[in-house]
Amino acid sequence: MTAQADDELWSAIADPSRRRVLDLLVSNGEVSASWLAGHVPFSRQAVSKHLVVLEQAGLIGRRKQGREVLYEVQADRLDQATRAMADLAAQWDRRLGAIKRLAEAAHAEAKKKGDSHDG
Amino acid sequence: MLVAGLVIEREVLIEAPPEVVWRTITEPDQMSQWFADRVDLVVEPGAHGYMQFGDQGGPVVVETVDPPFRFSFRWNHPREEEPVAGNSMLVEFTLTPEGDERTRLRVAESGHELRAWPDAEKERYAAEHRDGWVEYLDRLARTLAKGQSG
């Protein structure tokens, strides 16, 4: 995944309205833009714009069925995003864990010195 | 990796007072033990520094220094540019004392989109994200997997 693609992906998910659309697609499978518009508190036009951004980020795909266009989540891409995000969080967890060990060791050391001064 | 609109929040409870935790997160020789391999940084607001990770590295600019409670810096900005809200990631550490000898340490790493949003939107975003991004994506992935298997 290139940095550019990452950027598009996270920007796509960052918007709460787009996440709403994505949520609906995830729970309902293939649906049309008008179906989506009936289930969100924003306009059909807004839904269309969000779908374009989500599609550009590779998070959803489209398929024509008769006169309708149906949208569906791209599971692979979503999975990739989930893993990348989990990696970033895990990185911070490791860093926080290291900070905890260092700070607690420094504190225990300082206390030991303090105690021997008192005694 | 520049991740627009991203917010990652993690926290840990440490058995040491904030002053001790503060030194661990801000002193370069300590930082090199939990963060980068090499840290060239003066902890003063606006100070420019550099962090080396293996054979990679990048500039860092200190933003907030409020000992022993808040420390933040920006990174992942283009090398020739000054980091601002639009081109960098902000890493914010918040230290909250819990009793005399304990500190809750929170870290948030955020991208730029959040800052450009209207306040109401930001609040909604923050409220939706108490659980964090990983949980949101996990939930999506789980729902998706359930739908596919059923």
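**Entry 1: two helices of chain A**

I began with helix H2 (residues 16–28) and helix H4 (residues 44–56) of chain A, which pack at an angle of about 80 degrees with their axes 10 Å apart. For the axes I used lines fitted to C-alpha atoms, over the stretch in contact for helices, and angles between N-to-C directions that run from 0 to 180 degrees. Helices here are DSSP runs of H or I with at least four residues, strands are runs of E with at least two, and both are numbered from the N terminus. The angle makes H2(A) roughly perpendicular to H4(A); the classes are under 35 degrees for roughly parallel, over 145 for roughly antiparallel, 65 to 115 for roughly perpendicular, and oblique for the rest.

Next I looked up who makes the contact. H2(A) brings A:Ser17, A:Arg18, A:Val21 and A:Leu22, while H4(A) brings A:Ala46, A:Val47, A:His50, A:Leu51, A:Val53 and A:Leu54. I count two residues as in contact if their C-beta atoms, placed from the backbone, lie within 7 Å. By class, 7 residues of this contact are nonpolar, 2 polar and 1 charged. Nonpolar covers Ala, Val, Leu, Ile, Met, Phe, Trp, Tyr, Cys and Pro, charged covers Asp, Glu, Lys and Arg, and the others, Gly among them, are polar.

A note on the source: this is a predicted model, in which local features need pLDDT of at least 70 and side-chain atom pairs count only at pLDDT 80 or more, whereas totals for chains, interfaces and linings use all residues. Residues are numbered from 1 along each chain as its sequence is written, and chains are lettered from A and ligands numbered from 1 in the order in which they are written.

**Entry 2: H2(A) by itself**

I checked the length of H2(A): at 1.5 Å a residue its 13 residues should span 18 Å, and the end C-alpha atoms are 18 Å apart, which agrees. The expected span is 1.5 Å times one less than the number of residues.

Which residues of H2(A) are buried? I found A:Arg18, A:Arg19, A:Val21, A:Leu22, A:Leu25 and A:Val26. They cover an arc of only 160 degrees around the axis, which puts them on the same side of H2(A). The arc is that of the directions from the helix axis to the C-beta atoms. Buried means 20 or more other C-beta atoms within 10 Å of a residue's own, exposed means 12 or fewer, and partly exposed is in between, with C-beta atoms placed from the backbone. Just after H2(A), I noted that A:Gly29 has a positive phi of about 70 degrees.

**Entry 3: H4(A) and A:Leu54**

The 13 residues of H4(A) should span 18 Å at 1.5 Å a residue, and I read 19 Å between its end C-alpha atoms, which agrees. Buried in H4(A) are A:Val47, A:His50, A:Leu51 and A:Leu54. Seen down the axis of H4(A), these fall within an arc of 105 degrees, so they line one face of the helix. On the other side, A:Gln45 and A:Val52 are exposed. After H4(A) comes A:Gly58, with a positive phi near 80 degrees.

I then picked out A:Leu54, which counts as buried because it has 26 C-beta neighbours inside 10 Å. Neighbours within four places in sequence aside, A:Leu54 is in contact with A:Ala12, A:Arg18, A:Val21, A:Leu22, A:Leu59 and A:Ile60. A:Leu54 and A:Leu9 are 45 residues apart in sequence, yet 7.9 Å apart in space from C-alpha to C-alpha.

**Entry 4: chain A overall**

I listed 5 helices and 3 strands in chain A, in the order α-α-β-α-α-β-β-α. Of its 119 residues, 27% are buried.

**Entry 5: over to chain B**

Chain B has 5 helices and 7 strands, and 29% of its 150 residues count as buried.

I stopped at the loop between strand E4 (56–66) and E5 of chain B, where B:Pro68 lies. A cis peptide bond joins B:Pro67 and B:Pro68, with omega about -5 degrees. Most peptide bonds are trans.

Is B:Glu80 buried or exposed? With 6 C-beta neighbours inside 10 Å, B:Glu80 counts as exposed. I placed B:Glu80 in the loop between strand E5 (70–75) and strand E6 (89–97) of chain B.
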